Amino acid sequence: MLRSLRFSEADRILHVYTRERGRIGAIAKGVRKTRSRFGARLEPLSHVQLLLHEGSGELHTVTGAELVRSHHASREDPYRLNVGLIGAEAMLRLHAEPEPNARAFAALVRFLDLLDDLAAPPDGRPALDPLALSFQLKLLWLSGYLPHVTSCIECGSATELTGFSARAGGAVCRVHSGDALALSPEGLSAVEHLLSTPMASAEEAGLGNRARRDALAVITSSYEEHGGFRLRTLSA
């Protein structure tokens, strides 16, 4: 469950990512009533098995719901919730069509499972959380926008990499930096590390604040260049 919106007096519109059909929209009728049979199972970030009736419109109708994992712990903690909502919005924007992507679905499931055990750092900012950064970079990869950061995307040089060009899709050296986004060596290394290691290792990487900010800059510039959007949850 990626998003839930109020609709009419007692219904909700749901944005769901499924293993078999990719992203779909559904309406859950009457779930806001106190006696709803499955309203509590349809919260954002929940992993559920749905029974759906496919009508003639764009929205399916929810006729049944069984929890796989509630991820209640993530919704109850403000830090985890904000990290989770960043991941959910990224999934919504990068995988917006009813086209299945088994690897993206598996990445989402893994992200939510890891989120339940995520520890909030002192004065931490969810947008800079290594797990959030790792998940978004992997979604970019699975969407066909893998950031290439080990050598200059223009000339192939592996030395003096000083920036990132979202338009070209990778790092650039000093000679080809032009108006590219300036990045530190630590930032480029952070992006490469987060792309090449499992999400479970993201929190153990010991990334500094500058490295995490640079990784976020690569993500946001890629969103703007390839999708024409910004995530609202990143600025929350």
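This is a predicted model: local features need pLDDT of at least 70, side-chain atom pairs count only at pLDDT 80 or more; totals for chains, interfaces and linings use all residues.

Visitor: Which residue in E5 does Gly 25 stand opposite?

Guide: Gly 25 faces Leu 59 there. Another pair puts Ile 27 with Thr 61 of E5 as its bridge partner.

Visitor: And how many bridges join E2 to E3?

Guide: There are 7 bridges between E2 and E3, and those two strands run antiparallel. One of the pairs is Thr 18 with Gly 22 in E3. A hairpin of 3 residues takes the chain from E2 to E3.

Visitor: Is E3 mostly covered or mostly open?

Guide: Mostly covered: 7 of the 7 residues in E3 are buried.

Visitor: OK, zoom out. What's the strand order in the sheet?

Guide: The order is E1-E2-E3-E5-E4, an open sheet of 5 strands with mixed pairing. Strand E1 (3-7) and strand E4 (47-54) are at the edges; each has a single partner strand, so one side of each has no neighbour in the sheet. From one strand to the next, the twist averages 35°.

Visitor: Which strands does H3 lie across?

Guide: H3 lies across E2 (11-18), E4 and E5, and runs at about 115° to E2.

Visitor: Switching to helices: at what angle do H5 and H6 pack?

Guide: About 65°, with the axes of H5 (residues 185-196) and H6 (residues 209-227) 8 Å apart. That angle makes H5 roughly perpendicular to H6. The crossing of H5 past H6 is right-handed.

Visitor: Which residues make that contact?

Guide: H5 brings Glu 186, Gly 187, Ala 190 and Val 191, while H6 brings Ala 211, Asp 214, Ala 215 and Val 218. By type, the contact of H5 with H6 has 5 nonpolar, 1 polar and 2 charged residues.

Visitor: One last thing. Where does Ala 119 lie?

Guide: Ala 119 is in the loop between helix H3 (102-115) and helix H4 (130-142).

Visitor: Buried or exposed, and why do you call Ala 119 that?

Guide: Exposed, because its relative accessible area is 58% and the cut-off for exposed is over 50%.

Conventions:
Residues are numbered from 1 along each chain as its sequence is written. Side-chain values use heavy atoms; hydrogens and water are left out. Helices (H or I, at least four residues) and strands (E, at least two) are DSSP runs, numbered from the N terminus. Buried means under 20% relative accessible area, exposed over 50%, partly exposed in between (1.4 Å probe, protein chains only). Two strands pair if DSSP finds at least two bridges between them. Axes are lines fitted to C-alpha atoms, for helices over the stretch in contact, and angles run from 0 to 180 degrees between N-to-C directions. Contact means heavy atoms within 4.5 Å. Angles under 35 degrees count as roughly parallel, over 145 as roughly antiparallel, 65 to 115 as roughly perpendicular and the rest as oblique. A crossing is left-handed if the near helix is turned anticlockwise from the far one by less than a right angle, and right-handed if clockwise. Ala, Val, Leu, Ile, Met, Phe, Trp, Tyr, Cys and Pro count as nonpolar, Asp, Glu, Lys and Arg as charged, and the others, Gly among them, as polar.
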